[in-house]
Amino acid sequence: MGTGIVSRLVIGFATLIIILAVWEAAVKMGFIEALFLPAPSDIWHRAVDMTGDGSLIANIFASTRRVMVGFLLATIVAVPLGIAMGSSPLCMAIFNPLLSFLRPLPSMSWVPLSLLWFGISESQKYSIVFMGSLAPALLYIIDSTRNVDPLLIRAAKNLGAKRHNIMFGIILPAALPQIITGLKVMLGIAWTCVISAELIAAREGLGFMIMNGKEYFQTDTVVLGMVMISITVLLTDLVMRIIERRLVSWQD
């Protein structure tokens, strides 16, 4: 198994090197106009320059902070509410109309209201991430709760377990693996939300960096921002996988 993983990594790395080499050659030989798609070496030089003046790191941390704050706020609301809606018909009847209203709304639709409520501030960015992530998170958690084996719940009731014992002793542990999977998906959605917010109203962040590069025809800055988004999302997903292994290690 270890050999297979190493082989896949080598193949993937070799493929990446070939793509970058062909891309570099196509730009340098004039097949692709650098204004529309800069060479990897130009993007690298831009990354070195922006790292040197501190702007690249500042933009990465600004976007990451906004994602994590909005993501944590949405998680704090979505986990208990989703479990309650998934396990209680009354709770579902109360909150489902609100969920049905929020579910089809894209994160961009909240930008005008958030600007009116909070102005161009950090709270405005947090609210976009929160509202854009909340409904998808609720759907995942409700489904995870409903997928818990009803025989386990029935057996606990027959043994005299109280409602809170069933909730924390049966439903939550059984639903936790699926809940964490849903939260990982939600984290990707949170990144989409924050970039949308930064493209329109921000003074720093990766979305701002991309938009600013577009305004000054700095295509290397635009592509660098896109690359940094992908790398940062991959790193945050890796952190979530580590947390998942710790929380549901018993599943192995």
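**First stop: R163 and its surroundings**

Begin by selecting R163, which touches S87 and S88 when residues up to four places away in sequence are not counted. The model on display is predicted. R163 is placed in helix α8, and with a relative accessible area of 56% it is exposed, because that value is over the 50% limit.

**Second stop: helix α10 from R241**

R241 and D237 are separated by about one helical turn because they stand 4 residues apart in helix α10. R241 is partly exposed, its relative accessible area being 38%, and D237 is also counted as partly exposed, at 23%.

Next, select T236, which lies in helix α10. Is T236 buried or exposed? At 13% relative accessibility, T236 counts as buried. Once its neighbours within four places in sequence are left aside, T236 is in contact with L187 and W191.

How many salt bridges does the structure hold? The total is 8. Select D220 and R46 to see one of them: their side chains meet at 3.2 Å, N to O. D220 belongs to helix α10 (residues 219–247) and R46 to helix α2 (residues 40–52), so this pair ties together parts that are 174 residues apart in sequence. D220 counts as buried at 15% relative accessibility, whereas R46 counts as partly exposed at 23%.

Move on to R66 and E198, whose side chains meet in a salt bridge at 2.6 Å, N to O. This pair links distant parts of the chain, with R66 in helix α3 (residues 55–87) and E198 in helix α8 (residues 163–200), 132 residues apart. R66 counts as buried at 2% relative accessibility, and E198 is buried with a relative accessible area of 1%. Then extend the selection to R65, E122 and E204: together with R66 and E198, these residues are linked in a network of salt bridges.

In soluble globular proteins, nonpolar side chains tend to be buried together. To view the largest nonpolar core here, select L56, I83, M85, L138, I171, L206 and L224, which have the most contacts inside this set of 53 residues. At least two core residues come from each of α2, α3, α4 (89–102), α6 (122–146), α7 (150–158), α8, α9 (206–215) and α10. Which helix gives the most to this core? Helix α8 does, with 14 residues.

Not counting residues up to four places away in sequence, I171 touches I83, S87, T145, V148, I153 and I166.

**Fifth stop: the aromatic pair**

A pair of aromatic rings is described by the distance of the centres and the angle of the planes. A search of the whole structure finds 1 aromatic pair. Select W117 and F118 to display this pair: the arrangement is edge-to-face, with 6.4 Å centre to centre and 90 degrees between the planes. W117 counts as exposed at 54% relative accessibility, while F118 is partly exposed with a relative accessible area of 39%.

**Last stop: the largest pocket**

Rolling a probe the size of a water molecule over the atoms shows where empty space is left. The largest pocket contains about 290 Å³ of space. To display its lining, select L16, I19, L20, W23, P40, I43, W44, A47, L224, V227, M228 and I231. Colour the view by helix: α1 (2–28), α2 and α10 are the elements that give two or more residues to this lining. L224 links this stop to the previous selections, for L224 lines the largest pocket and is also among the residues with the most contacts inside the largest nonpolar core.

Conventions. Residues numbered from 1 in each chain as written. Predicted model: local features only at pLDDT ≥ 70, side-chain atom pairs only at ≥ 80, totals over all residues. Heavy atoms only, no water. Salt bridge = Lys/Arg side-chain N within 4 Å of Asp/Glu carboxyl O. Buried < 20%, exposed > 50% of the residue type's maximum accessible area, 1.4 Å probe, protein only. Core = buried A, V, L, I, M, F, W, Y, C linked by side-chain atoms within 4.5 Å. Contact = heavy atoms within 4.5 Å. Phe/Tyr/Trp six-rings, centres within 6.5 Å; stacked < 30°, edge-to-face > 60°. 1 Å grid on protein atoms, 1.4 Å probe; cavity = no way out; pocket = protein on both sides within 12 Å on 5 of 7 lines; lining within 4 Å. Points joined across faces, edges and corners; volume = space filled by probe spheres on them.
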